[in-house]
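User: I would like to go through this model by its helices and its cores. Please keep the answers brisk.

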Amino acid sequence: MQSALTFFYNLTAGMGFASYGLAIILLTIAIKAILYPLTVKQVKSMKAMQEIQPKMKELQEKYKGNPEKLNKELAILYKEAGVNPLAGCLPLLVQMPFLISIFFAIRDYHYVQQPPSFLWMTDLAQPDHTYILPVLSALTTYIQQKQTTSEMNQQAKMMMVFMPLFIGYISLNFPGGLVLYWVVSNLFQIGQQWFMYRNDPAVVRKEAR
């Protein structure tokens with residue numbers, strides 16, 4: 001990943017405007033594009049599971065004293081709905097090595113250009129002391145979650161608040177380049193999810209509300 005980042009930096013340098021910030025953006029877009037088929041499978045599986053949540057709760061309540069019967073009924077429900085509970089996990093597991101590697105690659109990257117400035121940031125190797133990137137990381141995380149959450153139960157509502165705040169908080173101490181990657185990745189994911197569900201009736205009704 002560090003070699004890839006260096007490649008994109010050299011690419012921007014060859015165009016006459018050497019920029020590590022732009023190199024991080026190009027690397028992020030390249031990775032998201034490569035992983036797009038897995039993202040499609042993961043997001044669609046998550047949405048499908050959310051759509052059958054009400055029926056799952058009914059079965060759990062009806063057979064709460066009979067685990068064996070509950071498992072059989074859930075298996076039937078999954079089959080009828082054409083849903084595989086593991087389908088959303090497997091693509092994520094495949095993506096994890098990429099996500100972990102780019103995390104450490106950007107966090108521990110040795111910039112040749114010192115300091116590596118970008119837009120309002122004077123040094124991508126240091127935290128963004130203007131707090132713009134941490135706020136954007138929290139905001140884009142919230143929007144991304146909202147896109148894929150159809151049933152707002154109490155647990156989902158708590159996660160909608162906790163996760164963005166947590167991401168924003170840890171972003172305060174992360175290098176600006178790493179948070180820039182997270183924000184761009186979220187924006188790209190938001191665009192991908194909008195594209196995937198732009199004709200989904202359930203999403204249209206949700207946005208109309």
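The questions below cover the overall fold, the helix packing and the nonpolar cores of this predicted model.

User: How many helices and strands does the protein chain have?
Analyst: This is a predicted model. Along the sequence the pattern reads α-α-α-α-α-α-α-α-α-α. The count is ten helices and zero strands.

User: What share of the residues in the protein chain is buried?
Analyst: The cut-off for buried is under 20% relative accessible area. The protein chain has 209 residues. The buried share is 40%.

User: What share of the contacts with a separation of 6 or more joins residues 24 or more positions apart?
Analyst: A contact needs heavy atoms within 4.5 Å. Among contacts in the protein chain with a separation of 6 or more, the share from residues 24 or more positions apart is 71%.

User: Are α7 and α9 roughly parallel or roughly antiparallel?
Analyst: Helix α7 covers residues 132–147 and helix α9 covers residues 176–197. Their axes lie 9 Å apart, at an angle of about 25°. Angles under 35 degrees count as roughly parallel. The two helices are therefore roughly parallel.

User: Is the crossing of α3 and α9 left-handed or right-handed?
Analyst: Helix α3 spans residues 36–51. Its axis comes within 11 Å of the α9 axis, and the two cross at roughly 65°. The crossing of α3 past α9 is right-handed.

User: Which residues of α9 meet α3?
Analyst: From α3, the residues are Y36, T39, V40, V43, K44 and K47. By class, this contact has six nonpolar, four polar and two charged residues. The α9 partners are Q189, Q192, Q193, F195, M196 and Y197.

User: Which residues touch the most other members of the largest nonpolar core?
Analyst: This core has 24 residues. Elements giving two or more residues to the core are α1 (2–14), α2 (20–34), α6 (89–107) and α9. The residues with the most contacts to other members are L5, I24, I106, Y111, L124 and L180.

User: Which residues does L5 touch, not counting those up to four places away in sequence?
Analyst: L5 is one of the residues that touch the most other members of the largest nonpolar core. With neighbours up to four places away left out, L5 touches A23, I24, L27, I106 and Y109.

Terms used:
Residues numbered from 1 in each chain as written. Predicted model: local features only at pLDDT ≥ 70, side-chain atom pairs only at ≥ 80, totals over all residues. Heavy atoms only, no water. Axes fitted to C-alpha atoms, helices over the stretch in contact; angles between N-to-C directions. Helix = DSSP H or I, 4+ residues; strand = E, 2+ residues; numbered from the N terminus. Parallel < 35°, antiparallel > 145°, perpendicular 65-115°, else oblique. Core = buried A, V, L, I, M, F, W, Y, C linked by side-chain atoms within 4.5 Å. Buried < 20%, exposed > 50% of the residue type's maximum accessible area, 1.4 Å probe, protein only. Left-handed = near helix turned anticlockwise from the far one by under 90°. Nonpolar A, V, L, I, M, F, W, Y, C, P; charged D, E, K, R; others polar.
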